Amino acid sequence: MTRFRWKQIGFACAFVGALWACGGGGGTDNSTPTPTPTNPTDQASSDRKAMLTNIADNIILPSYANFKTKFDAMLVKSDAFAAKPDKTTLTELRQSWVDAYTEWQKVELFDVGPAEQRTLRNFFNIYPTDVTGIEAYVTAGSGAFDVPASYPKQGFPALDYLINGLGATDDAIVARYTTAADAAKRIAYLKRLTTQMNSMFTTVYTDWTTGGYRDTFINCTALNAGCSTSKLVNGYVLNYERYIRSGKFGIPSGAMANGTVAPDKVEGYYKKDLSLTLAKTAHQATIDFFNGKNVKTGQEGPGLKTYLNSLGAKDSSTGTSLVDIINKQFDLTNQQLNVLKPNLSDEVKTNTAAVVEVYTRMQKAVRMLKVDMTTAMSITITYTDNDGD
Amino acid sequence: MRNYLRKTTSAAPLAVFRILFGLMLFGSIVRFWSKGWIDELYVKPRYFFPFYGFEFVHALGQNTYLLFAVCGLSALLVALGLFYRVAIIGLFVSFTYIELIDKSTYLNHYYFTSMVGLLLIFLPAHAYFSADAYRRRTLLADRIPAWCIDSLKLFVALLYFFAGLAKLNSDWLFHALPLRIWLPAHNDIPMVGFLFNYHWIPYVFSWFGCLYDLSIPFLLLNRRTRPWAYVAVVIFHGLTALLFPIGMFPYIMIVTALIFFSADFHQIIIDQIGVWFSASTRFMRPYRGYTYQPLVTKAILISFAVFFTIQLLFPFRYLLYPGELFWTEQGYRFSWRVMLMEKAGYAQFTVKDNSGNRIIVNNTEFLTPLQEKMMSTQPDMMLQYAHLLRDYYARHGFRSPQVYVDSYVALNGRMGRPLIDPNVDLANEQESFQHKAWITSFNDTIYGF
């Protein structure tokens with residue numbers, strides 16, 4: 001009798017122990033390759049490793065490489081301008097800045113891994129730029145670049161001010177770097193600014209290329225908050241909601257506060273005719289990423305689209321797939337973007353309703369991405385226990 | 001009935017339960033503390049969501065650590081059976097206080113723990129094999145009234161049964177929701193992950209889970225099925241621990257289910273621990289019965305009858321509200337509805353007044369990510385948040401602010417829809433147990449409980 005009971009206890013303990021061990025192991029062991037099912041059902045597309053590999057190798061890395069090309073070119077032109085500020089070098093710098101800033105729109109959405117860890121965006125694209133702060137830094141000849149208060153004093157928006165906003169004509173701008181009393185200090189600031197941007201980007205890029213992050217990224221296939229898919233999607237949705245919808249349209253158009261337009265809060269404010277291009281580029285990058293579009297070939301591969309389709313995510317009342325619904329909303333937004341003229345600063349003043357309409361259409365996409373997509377994928381934003389109720 | 005109430009039983013199962021319950025809770029507190037969740041959930045947030053009727057419960061700032069210390073220490077004392085009554089009251093009060101601070105952290109197993117703590121206050125769990133009984137031999141007893149243990153069994157049985165009943169709905173049984181959404185997320189775990197790519201697997205899990213919940217109390221009660229039922233308990237909760245981020249819950253249930261085992265089973269455990277401590281025979285086998293004073297017995301029995309009547313009825317209170325329970329969540333909490341919904345939401349609040357002030361609220365300025373996530377799908381929390389915004393903006397230049405919410409909620413994979421009427425000024429709505437007419441109606445039907 002007693003022996004039998006002991007067996008029961010031992011049995012139970014062994015079970016609990018074994019499961020506890022499994023539980024611990026299963027949660028953390030992410031390096032184990034995904035097993036191949038014998039008879040797959042949509043396995044090819046619900047395989048997150050394949051999706052992450054396509055995203056890393058065919059989207060993120062080539063996008064960073066493309067940006068690096070444009071960015072490096074801008075650094076060369078910036079050095080040339082610093083060495084010999086005149087109208088020619090200024091024009092060349094300005095064009096290279098336009099190219100790099102536009103290309104930046106295609107990488108800002110990758111808020112994952114090294115870029116997230118180092119908050120790359122904060123050093124590249126926080127606007128409206130802080131003119132008073134920049135002038136104080138110029139005068140002082142020094143100043144920290146790594147504190148939150150310094151974010152609006154650097155990056156592309158600061159360069160925008162320095163090469164487009166210092167005077168009404170190119171002659172006037174060049175004069176600020178040649179004949180003005182603080183010309184040398186201004187050149188020094190320009191150099192510090194580009195050096196800072198270069199060092200930030202190089203760190204992130206190196207982590208991805210030679211630092212091994214690419215492998216970490218594709219092997220962290222779990223869907224919990226600490227792994228690639230969740231971080232990637234969270235960053236992607238955040239970028240769309242806060243930095244495209246709000247930053248580029250919601251805030252300047254006044255849709256988000258009091259209905260008071262804020263023409264000085266558009267992106268690329270001093271360049272004037274670039275803001276719509278930047279917004280369109282960022283929006284298209286969002287669409288292409290969603291569809292898993294290979295940056296090099298333009299072909300669609302494993303991405304959010306195929307993953308959602310493999311899960312069978314659809315509107316159960318109509319049978320329309322979630323992917324089609326989201327893409328349709330992206331299209332509607334594109335149509336509205338095409339209505340606008342290049343200078344958004346003018347548009348929010350004279351064509352406010354049309355800009356607000358972009359915001360409204362984007363808002364609908366935000367809900368779909370943030371709620372319908374994440375709920376279908378079972379991605380959460382919480383990091384504590386949750387019994388699902 | 002009278003005969004049943006006079007029946008006595010071995011005190012060993014209750015003693016083992018006390019020890020394991022105390023240790024489990026102590027472990028939970030240590031785990032919670034070490035993960036930094038005290039700071040994250042109770043110190044850092046600027047605002048909290050108290051339960052209706054418990055608005056007097058406040059976060060204690062840095063003193064929250066003290067509260068957890070009291071809770072952990074009480075749990076340890078309960079396990080030891082030292083100063084038991086004080087310790088179990090301390091445990092119940094501190095634990096319940098913590099859980100009442102913020103709705104965002106509500107979990108069914110916290111409620112379960114609280115209620116077990118409440119029951120234990122009135123049970124002689126320290127009569128046998130405790131430090132108290134060791135110090136005070138007049139307390140020592142190895143027989144206790146049978147209803148003491150049966151009331152715990154009944155409570156555990158209720159939990160399982162109601163959890164099973166709640167699964168008898170069309171989403172769970174016929175659409176395998178939400179498991180159909182959750183399981184593919186784990187298709188990369190070793191050995192079994194590939195299974196989750198098959199469309200029929202979530203159905204197997206759903207039906208097994210439902211049958212398990214409904215039948216396990218009876219299978220545990222029956223002596224012959226008990227060992228296999230316990231294996232099922234371990235496998236079931238082990239699997240949930242593996243697949244879902246539900247923390248200590250599976251382990252608490254695995255340990256709790258031991259209460260169904262025979263007195264002999266528990267005696268063997270106690271005897272073994274007794275051997276380690278070289279306990280005397282007089283301490284291990286006092287051959288004494290624990291008796292309450294007649295009046296006390298009567299008072300406790302009446303209170304327990306009330307308690308269990310409430311427990312039996314409370315999960316059905318949702319029937320008093322119109323609308324789909326999963327959508328409105330009126331009567332959803334405190335009803336053992338576990339893992340039933342994949343619900344996600346997005347809520348954007350607009351505050352305005354008649355003098356032209358208008359702002360779209362950035363929720364992150366007020367709430368933590370967890371709070372925002374919970375608020376976005378639960379109407380009562382949205383109302384609390386709306387009032388918080390009303391009061392905040394009234395202090396910041398708005399005149400009688402109005403608060404509107406643009407909400408969007410997806411339930412069990414359905415496309416998102418507004419949960420709250422966007423034209424209702426929530427600043428003017430009051431919390432109550434009445435139906436909230438400003439919750440939109442659900443555009444689908446979920447059949448069943």
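1. Two residues are in contact if their C-beta atoms, placed from the backbone, lie within 7 Å. In this predicted model, 72% of the contacts in chain A between residues at least 6 apart in sequence join residues at least 24 apart.

2. Chain A contains 17 helices and 0 strands. Of its 389 residues, 47% are buried.

3. Helix H15 (residues 322-339) and helix H17 (residues 352-377) of chain A pack against each other, their axes lying 9 Å apart at an angle of about 165 degrees. Angles over 145 degrees count as roughly antiparallel, and H15(A) and H17(A) are therefore roughly antiparallel to each other. Their crossing is left-handed.

4. On the side of H15(A), the residues making this contact include A:Leu322, A:Ile325, A:Ile326, A:Gln329 and A:Phe330. On the side of H17(A), A:Val358, A:Arg361, A:Met362, A:Ala365 and A:Leu369 are among them.

5. For chain B, an unreviewed UniProt entry lists "transmembrane region" at residues 12-34, 46-68, 75-98, 110-131, 152-170, 200-221, 228-246 and 299-320. The annotation comes from that record and may be inferred rather than shown by experiment.

6. Two of these listed spans may be set beside the model. Residues 12-34 of chain B are 100% helix and 0% strand, with end C-alpha atoms 33 Å apart. Residues 200-221 of chain B are 95% helix and 0% strand, and the end C-alpha atoms of that span lie 32 Å apart.

Note on methods:
Residues are numbered from 1 along each chain as its sequence is written. Chains are lettered from A and ligands numbered from 1 in the order in which they are written. This is a predicted model: local features need pLDDT of at least 70, side-chain atom pairs count only at pLDDT 80 or more; totals for chains, interfaces and linings use all residues. Helices (H or I, at least four residues) and strands (E, at least two) are DSSP runs, numbered from the N terminus. A residue is buried if 20 or more other C-beta atoms lie within 10 Å of its own, exposed if 12 or fewer, and partly exposed in between; C-beta atoms are placed from the backbone. Axes are lines fitted to C-alpha atoms, for helices over the stretch in contact, and angles run from 0 to 180 degrees between N-to-C directions. Angles under 35 degrees count as roughly parallel, over 145 as roughly antiparallel, 65 to 115 as roughly perpendicular and the rest as oblique. A crossing is left-handed if the near helix is turned anticlockwise from the far one by less than a right angle, and right-handed if clockwise.
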